[in-house]
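Here's a quick briefing to read alongside the model. Take a look at the fold first, then skim the points below by topic.

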2 protein chains.
Amino acid sequence: MKRTRPLKRKPKRTEPKHREPEAVDPRSIDDDPVVQGILTAISQKRLKPGAKLGEDKLAAAFGTTRIHIRQALSHLASRKVVMQIPNRGAFVYRPSWEEAQDIFAARRIIETAAVSAAVDRLDKAGKAELKAHMEREARHDRNDRWASLSLTAEFHILVAKLAGNRVLLEMSRELMLRTSLAIATFEQPGEPDCSPDAHPDIGALILARDKAGAVHAMRHHIEEMEQRIRPKEGEDEVDELTAIFKEIGARARAGG
Amino acid sequence: MKRTRPLKRKPKRTEPKHREPEAVDPRSIDDDPVVQGILTAISQKRLKPGAKLGEDKLAAAFGTTRIHIRQALSHLASRKVVMQIPNRGAFVYRPSWEEAQDIFAARRIIETAAVSAAVDRLDKAGKAELKAHMEREARHDRNDRWASLSLTAEFHILVAKLAGNRVLLEMSRELMLRTSLAIATFEQPGEPDCSPDAHPDIGALILARDKAGAVHAMRHHIEEMEQRIRPKEGEDEVDELTAIFKEIGARARAGG
DNA sequence: GTTGGCTATATTGTAAACAGTCGTGCGGCC
DNA sequence: GGCCGCACGACTGTTTACAATATAGCCAAC
């Protein structure tokens, strides 16, 4: 629209006073449906590590624009859930064997601490929430693999929530996702992610305020998960190949 | 360039075979100079919490385009180092008082575990690295505030590195940054971030393989830092105001 | 003097077109 | 028959311009 009267303002403009951004809507990109969709697809193992995430296809699937998809993928790449390769695109992240072990080690540290804090802080509301979850997990349909995986993850998230530390909760969420990727990459076929009876035991120990017992059970549970994964044979071949080339290079340098 | 001969290919194209993205240059956005610049500016407290990060100004400062800046800011927002508000722009993140406490609690958990692992895994190379850092920290110029802050952070990062867990190392890096923001937000003026003698003590205990002592010293060191910060008075006013409005609203609902 | 509305500007967000890069498959060549 | 070069196509990355929104200052009204 054109202005309807002559401009009288002088262009002299004082530097805008820095106004603090207090009390603003804190809705973040984590609530974005694209991000949420990809995250749940990964945690339910519908997207396997290494899967290509083409921008056009995602845009069509979610009914949005490529720019939006790019933002979501960048965010997921920052959280190491997808891997972006220049000029090739985005792929579901595939952790290395060492990284998978590090993830489990980090979970051992953080989740045992979370259990300990959860026992300390347990109150009525927490008890109710924990009981409600345990009931849902007890009588869910074990044939529905996707629901099982969601519930399994939710138990660990709930424990982190009961610890009352939001930073720890974020970290647990991130580690849960990366655990899904680690398991999907290195699992032996046919084995479940979590032993089915571990969660009720841990929950009961928390409800009984048995701190040492709950911590021990959680550590054992995570170690059990960790022992289910094995390094891939395929990667050894690659390493062998590079070793061969390295050896050849060294010989060439040495022998002329 | 135009093609110089007639096109004979049929447009029929088999779906491209999914090629795994192995062994690709893993250079990530963390190496981006814009990201690095903002991160070091924050960790050295040249950028204060709440500072506006205008896209045009950053683009001019770094000599790059606005899109590049946008990507960097999105990444930093994913890591909770900057806060992005729709249609208002990006600001240096300002943690709440509760979040600041949670950050210190998380550091207590993660860094004590890191010290423990560092003692277990300590080898010749690690000893040398630790000694080298302690020497640098001992004879640095205490008047150079920026160098001091960098060295202080590097000590904690080095301990995490010695623990040999990359996931834990990433988390420590993130927590260090968020600690900088928490301290910058809630510090009492004039006090240093770290007590100057804590690092040599912890380092010596690690070198002596005194695991319990080193863990205890690290926990004490972090608790000491935590006790240096105090909630801001200004925020209480805001809370009081919102409390008043809440009370008024409740009374209106109750009394009609 | 203070308050409310209005307009212009600055700044962010979005869309579309363009350019660059990489995988892929064919054709020729040894 | 196997290998190498070449060109095409699909995709990502970047530039550009445009649209939307919030901010700041001014004028009028009370």
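Chain A has ten helices and three strands. Keep in mind that this is a predicted model. Going from the N terminus, the elements of chain A come in the order α-β-α-α-β-β-α-α-α-α-α-α-α. Of its 256 residues, 41% count as buried. As for contacts in chain A between residues at least 6 apart in sequence, 74% of them join residues at least 24 apart.

**The sheet in chain A**

- The three strands make an open sheet, ordered S1-S3-S2 in chain A, and the pairing is antiparallel.
- Strands S1 (52–53) and S2 (82–85) of chain A sit at the edges with a single partner strand each, so one side of each has no neighbour in the sheet.
- S1(A) pairs with S3 (residues 89–92) of chain A in the antiparallel sense, over two bridges.
- Within that pairing, Lys52(A) is found opposite Phe91(A) of S3(A).
- Helix H3 (residues 66–78) of chain A packs on this sheet and touches S1, S2 and S3 of chain A, with its direction at about 110° to that of S2(A).

**The sheet in chain B**

- Chain B also has an open sheet of three strands, with the order S1-S3-S2 and antiparallel pairing.
- Here the edges belong to S1 (52–53) and S2 of chain B; each has a single partner strand, so one side of each is left without a neighbour in the sheet.
- S1(B) and S3(B) run antiparallel and are joined by two bridges, and Leu53(B) stands opposite Ala90(B) in S3(B).
- S2 (residues 82–85) and S3 (residues 89–92) of chain B pair in the antiparallel sense over four bridges, with Met83(B) opposite Phe91(B).
- Helix H3 (residues 66–78) of chain B lies across S1, S2 and S3 of chain B, at about 110° to S2(B).

**Helix H9 of chain A**

- H9(A) covers residues 211–226; at 1.5 Å a residue, its 16 residues should span 22 Å, and the end C-alpha atoms are 23 Å apart, which agrees.
- Its buried residues are Gly213(A), Ala214(A), Val215(A), Ala217(A), Met218(A), His221(A), Ile222(A), Met225(A) and Glu226(A).
- An α-helix has 3.6 residues a turn, so residues three or four places apart point the same way.
- Which helices do the buried residues of H9(A) pack against? They pack against H4 (97–121), H6 (145–162) and H8 (198–207) of chain A.

**Nonpolar cores**

- In soluble globular proteins, nonpolar side chains tend to be buried together.
- The largest nonpolar core here has 26 residues, and those with the most contacts inside it are Val115(A), Leu130(A), Ile206(A) and Ile229(A).
- Elements giving two or more residues to this core are H4, H5 (124–138), H6, H7 (166–186), H8 and H9 of chain A.
- Setting aside neighbours within four places in sequence, Val115(A) is in contact with Val159(A), Ile206(A), Ala214(A), Val215(A) and Met218(A).
- Apart from that core lies another, of 24 residues, which includes Phe104(B), Val115(B), Ile202(B) and Ile229(B).

**Aromatic pairs**

- How many aromatic pairs does the structure hold over all chains? There are two.
- Trp97(A) and Phe186(A) make an edge-to-face pair, 5.2 Å centre to centre with 75° between the planes.
- This pair links distant parts of the chain: Trp97(A) is in H4 of chain A and Phe186(A) is in H7 of chain A, 89 residues apart.
- Both Trp97(A) and Phe186(A) are buried; Trp97(A) counts as buried at 18% relative accessibility.
- Trp97(B) and Phe186(B) also form an edge-to-face pair, at 5.2 Å centre to centre and 75° between the planes.
- Trp97(B) lies in H4 (residues 97–121) of chain B and Phe186(B) in H7 (residues 166–186) of chain B, so the pair ties together parts that are 89 residues apart in sequence.
- Trp97(B) is buried, with a relative accessible area of 18%, and Phe186(B) is buried at 1%.
- Back in chain A, Trp97(A) and Thr185(A) are 88 residues apart in sequence and 8.9 Å apart in space, C-alpha to C-alpha.

How values were computed
Residues are numbered from 1 along each chain as its sequence is written. Chains are lettered from A and ligands numbered from 1 in the order in which they are written. This is a predicted model: local features need pLDDT of at least 70, side-chain atom pairs count only at pLDDT 80 or more; totals for chains, interfaces and linings use all residues. Side-chain values use heavy atoms; hydrogens and water are left out. Two strands pair if DSSP finds at least two bridges between them. Contact means heavy atoms within 4.5 Å. Axes are lines fitted to C-alpha atoms, for helices over the stretch in contact, and angles run from 0 to 180 degrees between N-to-C directions. The expected span of a helix is 1.5 Å times one less than its number of residues. Buried means under 20% relative accessible area, exposed over 50%, partly exposed in between (1.4 Å probe, protein chains only). A nonpolar core is a set of buried Ala, Val, Leu, Ile, Met, Phe, Trp, Tyr and Cys residues joined through side-chain atoms within 4.5 Å. Rings of Phe, Tyr and Trp (its six-membered ring) pair if their centres lie within 6.5 Å; planes under 30 degrees apart count as stacked, over 60 as edge-to-face and the rest as tilted.
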